Amino acid sequence: MTETAAWPTAAAPAALWRSLGAALARAGAMAAAPGTPLLLSAQGVWALSGTPVLHESFATWCALHPGQACTLWAGADVLVDLLADNDPALRAPAARTAWARRVLQHYHGDDAQTWPLWPWLLHGAAGTSALRGAALAALRADATAQGVTLRAVLPLWPQLLRGALAEVVRPQDHHCCWLVEAPLAAPATAAPVLTQVQLQRGRITGLQRRRLQGPVGAALQGLLDEAAQPSAHTLLWWGAPPLPDDTWPVELRPAQVLPDGGRLALPAQPAPGDFLQPEPRASALAWLWLATCASVLAVAALEAHGAWQQRAEAQTPGAHSASLVAAREGAVPSSPVPPASAADGTGPALQDLQARRGHPWAAAFGATELPAVAGLRWLAMEHGATGELRLQGLAKDPDSVHRAAAALRLQPLWRHVLVARLEAHEAVAAGAGPAPAGSPLSFEIVARLRAPAP
């Protein structure tokens, strides 16, 4: 029994290309589709699209929005942030995570050992955020149960810091950003949480968090009086609008109150790295591109194999017919003798190809990079496998042309270097650009490659 292998025709790669293109389009659409921003707080989960709506838990929101995508932004009341010192050993994320575990255990007990951590680098400083009161495994399970895509879990305060710094007209050497997070809807039952970020020449040097108990204005005035050094101050308020009274310090009048029509843009596709993936890794789209490249290589290999088979059949036109006749007569065909390379012309073609590969093309192109030659403008270079080189250009004086020819003679690969033409040039060729200053001269230098040593 004879088995015949059918290689793909031109239509097969085209169909594969179409399927790959469709897969890429679907993946790109899924990745670019904006996910719903949610705020994870101690009161529950706030839906931030449109008018803020409070849900009892993330599971409740997932049950009401099956099959959707979302990003969880963690509020200040469920975060603990640690700012690392300038020790170079703590710049590595793994070392910073281990250090944060020890500090959290010391101040918050053994329960802090299970808190999710995210080591970050922000505004020249290294730190670690800890998410308390929420288990990542439970969040993933709630999302999976309803077919929800949980894209990332990130702290909110870096986005608030970006909004506060956007309000700064003149950057100061010492700056303090007051980031207040209050309940998003009235009546407010929980005390606002303040994140104080100290910056020196744009670099974070201090990070503190506390609740504003009692009258907010008086609490802010007390913290302002405790400030150790004079600084510029910017307050950004997130939540239900405050009601400043006479006790509210003038320096801390809110520069911005959010949300107020979406002035703070939360990215639909956050940068790599969050509580779900503390170490950034390649995205799904990058893996899809890798699979596409592998598929392209596979298709190219199949096409090359088919072309090689067609070449072999074209070189032995009678072999296939002889095999068919022998098969009909019951004879076993003998193995065809491969034709001599000189008979079918493949020998000289191969030799010509090898000669072209071995030709010193780099030396030919390097001839236009002659050192210490000023006032030359190259217009054309002609060179082929025969070994002759012609360089044409413009010069402001004859000496520069002769220096170029002399420099070319010093290169060991060239011989018979001559200035074949040197004459006044009336007009510059179209598209060649302006001629050098002075009276331009048109020149041509001719050289030949030296024969290789035996």
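Predicted model: local features only at pLDDT ≥ 70, side-chain atom pairs only at ≥ 80, totals over all residues.
Residues are numbered from 1 along each chain as its sequence is written. Local features need pLDDT of at least 70, side-chain atom pairs count only at pLDDT 80 or more, and totals for chains, interfaces and linings use all residues, while side-chain values use heavy atoms, with hydrogens and water left out.

**Overall make-up**

The protein chain holds twelve helices and 17 strands. Helices (H or I, at least four residues) and strands (E, at least two) are DSSP runs, numbered from the N terminus. Of the 454 residues, 34% are buried. Buried means under 20% relative accessible area, exposed over 50%, and partly exposed in between (1.4 Å probe, protein chains only). The accessible surface comes to about 26,100 Å² (Shrake-Rupley method, 1.4 Å probe). Carbon and sulfur atoms account for 59% of that surface. Among contacts (heavy atoms within 4.5 Å) between residues at least 6 apart in sequence, 63% join residues at least 24 apart.

**The open sheet**

Five strands form an open sheet in the order β3-β2-β1-β4-β8, with mixed pairing. Two strands pair if DSSP finds at least two bridges between them. β3 (53-55) and β8 (149-155) stand at the edges, each with a single partner strand, so one side of each has no neighbour in the sheet. Neighbouring strands here are turned by 25° against each other on average, direction ignored. The axes are lines fitted to C-alpha atoms, for helices over the stretch in contact, and angles run from 0 to 180 degrees between N-to-C directions. Strand β4 (residues 69-74) runs parallel to β8, joined by six bridges. A69 has T149 in β8 as its bridge partner.

Seven of the seven residues of β7 (residues 125-131) are buried, so the strand is largely enclosed by the rest of the structure. Both faces are covered: A125, G127, S129 and L131 lie on one side, A126, T128 and A130 on the other.

| Strand joined to β7 | Bridges | Direction | Example pair |
|---|---|---|---|
| β6 | six bridges | antiparallel | P119 with T128 |

β6 and β7 form a hairpin with two residues between them. H123 in the turn has a positive phi of about 50°.

**Helix α6**

In α6 (residues 216-225), V216, G217, A219, L220, L223 and L224 are buried. Seen down the helix axis, these buried residues fall within an arc of 165° (directions from the axis to the C-beta atoms), so they line one face. Their cover includes β9 (174-181), β10 (193-200), β11 (203-211) and β12 (232-238).

**Aromatic pairs**

The whole structure has five aromatic pairs. Rings of Phe, Tyr and Trp (its six-membered ring) pair if their centres lie within 6.5 Å; planes under 30 degrees apart count as stacked, over 60 as edge-to-face and the rest as tilted. W118 and F275 have ring centres 6.4 Å apart and planes at 65°, so the pair is edge-to-face. W118 sits in strand β6 (residues 117-122), and F275 in the loop between β13 (256-258) and α7 (284-315), 157 residues apart. W118 is buried at 14% relative accessibility, and F275 is buried at 2%.

W237 and W248 form a tilted pair, 6.0 Å centre to centre with 45° between the planes. W237 lies in β12 and W248 in the loop between β12 and β13, eleven residues apart. Both are buried.

**L258 in β13**

L258 is found in strand β13. Its relative accessible area is 1%, so L258 is buried.
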